[in-house]
Amino acid sequence: VTPPGGVDSAPKIRIYVEAPLAPGTTQPIAAAQAHYLIRVMRLKLGDGVRVFNGRDGEWLARIDQVGRRGALLAIVTLLRGQIAEAGPWLLFAPVKRLKLDLMVEKATELGVGVLQPVLTRRTVAQRLNPARLRAQTIEAAEQCGRLTLPEIRPAREFDGLLSDWPVDRTLFWGDESGDGRPAAAAFATAHRPGAAFLIGPEGGFEAGERDRLRRFAGAVAIDLGPRILRAETAALAALGLWQAVAGDWRRQ
Ligand code: SAM
């Protein structure tokens with residue numbers, strides 16, 4: 001069902017909610033989101049917003065009630081049906097907080113499907129805050145138009161990573177030594193359906209880790225050019241290049 005004036009005339013502001021979405025239902029939203037809609041975006045009773053939950057598509061909703069503790073949205077009509085957004089996986093050694101925020105936000109915009117922290121030998125232990133990471137993905141998904149959030153997996157040790165690696169996914173790992181395959185060529189000739197990018201910590205991979213990656217049949221070392229990139233730059237460069245060469249930028 002299309003709103004009068006078509007989908008493009010629907011409001012631009014989008015918010016993510018957890019609950020199921022169906023026409024004729026109401027959806028309570030918490031104080032922070034209500035604050036954003038009413039105080040920051042200056043919406044009023046009866047104004048429209050777009051709502052999505054990662055499962056039921058994107059809906060036009062109207063602000064039905066506003067109170068001290070939140071607001072109530074009336075779910076009106078479906079704007080976009082749900083689609084699977086099975087983007088590539090990003091495996092990264094946690095970096096410092098602000099860089100991690102940036103990487104998670106940008107990776108979400110670039111269509112990442114899974115975010116997997118990996119603890120390598122040279123990872124300088126960073127305490128990860130899953131709620132904070134999730135908040136970054138929600139904000140990024142709201143603003144970029146995604147219908148899903150990337151899955152944030154718990155951190156795991158590098159050592160166990162290869163033992164249960166899925167056979168249908170190539171593990172492209174960033175090799176700053178220059179010995180890897182040029183990334184664009186490696187992506188263009190990838191023969192497994194799925195892709196994952198493993199980016200090392202600021203200190204790089206240890207010799208033993210590099211050896212294991214080199215010997216692993218499901219992994220391909222990639223070269224992202226002649227300069228040593230910061231981990232977050234390497235992650236975002238790999239994701240953008242993948243989307244352009246083999247991913248969802250090709251359809252546009
Ligand atoms: N310690 C390393 C050094 O100083 O030589 C640099 C590590 S770099 C900051 C962090 C990670 O980004 C690397 O482990 C690698 O996965 C990735 N990376 C950086 N530059 C790259 C490049 N030119 N090609 C491929 N991967 C790169």
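Helices (H or I, at least four residues) and strands (E, at least two) are DSSP runs, numbered from the N terminus. By this count the protein has 7 helices and 13 strands. The model is a predicted one, in which local features need pLDDT of at least 70, side-chain atom pairs count only at pLDDT 80 or more, and totals for chains, interfaces and linings use all residues. Residues are numbered from 1 along each chain as its sequence is written, and side-chain values use heavy atoms, with hydrogens and water left out.

The C-alpha atoms of the protein fill a box of roughly 60 × 35 × 30 Å along the principal axes. Of the 252 residues, 47% count as buried. Buried means under 20% relative accessible area, exposed means over 50%, and partly exposed lies in between (1.4 Å probe, protein chains only).

Pockets were examined next. Rolling a probe the size of a water molecule over the atoms shows where empty space is left. A 1 Å grid over the protein atoms alone was used, with a 1.4 Å probe; a pocket is an open set of points with protein on both sides within 12 Å along at least five of seven lines, and lining residues have an atom within 4 Å of a point. Grid points are joined across faces, edges and corners, and a volume is the space filled by probe spheres set on the points.

The largest pocket has a volume of about 570 Å³. Its lining comprises 26 residues. Nearest the centre of this pocket lie E85, G111, Q243, D248 and R251. Two or more lining residues come from each of α2 (97-109), β12 (194-199) and α7 (231-245). By class, the lining of the largest pocket holds 11 nonpolar, 8 polar and 7 charged residues. Here Ala, Val, Leu, Ile, Met, Phe, Trp, Tyr, Cys and Pro count as nonpolar, Asp, Glu, Lys and Arg as charged, and the others, Gly among them, as polar.

At least two lining residues each are supplied by β1 (14-16), β2 (26-30), α1 (31-40) and α3 (130-144). Helix α3 gives the most, with 5 residues. The lining of the second largest pocket has 12 nonpolar, 3 polar and 4 charged residues.

The ligand is surrounded by 19 residues. The closest are G174, L224, G225, R227 and L229. By class, this shell has 9 nonpolar, 5 polar and 5 charged residues.

An oxygen atom of the ligand is 3.3 Å from an N or O atom in the side chain of E176. A nitrogen atom of the ligand lies 3.2 Å from a polar backbone atom of G203. For G204, a backbone N or O atom is 3.5 Å from a nitrogen atom of the ligand. Taken alone, the ligand exposes 580 Å², and the protein buries 85% of that. These areas come from the Shrake-Rupley method with a 1.4 Å probe; for residues, only the protein chains shown count as cover. Two or more residues of the shell come from each of β13 (219-223) and α7.

Several single residues were then considered. R50 lies in strand β3 (residues 48-52). R50 is buried, with a relative accessible area of 10%. The side chain of R50 makes a polar contact of 2.8 Å with the side chain of E58. Such a contact is a pair of N or O atoms within 3.5 Å; within protein, one must be able to donate a hydrogen and the other to accept it, and residues adjacent in sequence count only if both atoms are side-chain atoms. T123 sits in the loop between β7 (114-119) and α3. T123 is buried because its relative accessible area is 14%. Its side chain is joined to that of T120 by a polar contact of 2.7 Å.

A195, in strand β12, is buried at a relative accessible area of 2%. A195 and L90 are 105 residues apart in sequence and 8.9 Å apart in space, C-alpha to C-alpha. G160 belongs to helix α4 (residues 158-161). G160 is partly exposed, with a relative accessible area of 24%. G160 and E139 are 21 residues apart in sequence and 32 Å apart in space, C-alpha to C-alpha.

R42 is found in the loop between α1 and β3. With a relative accessible area of 63%, R42 is exposed. Most residues other than glycine have a negative phi. Phi of R42 is near 60°, a positive value.

Technical notes. A residue is near a molecule or strand if one of its heavy atoms lies within 4 Å of it.
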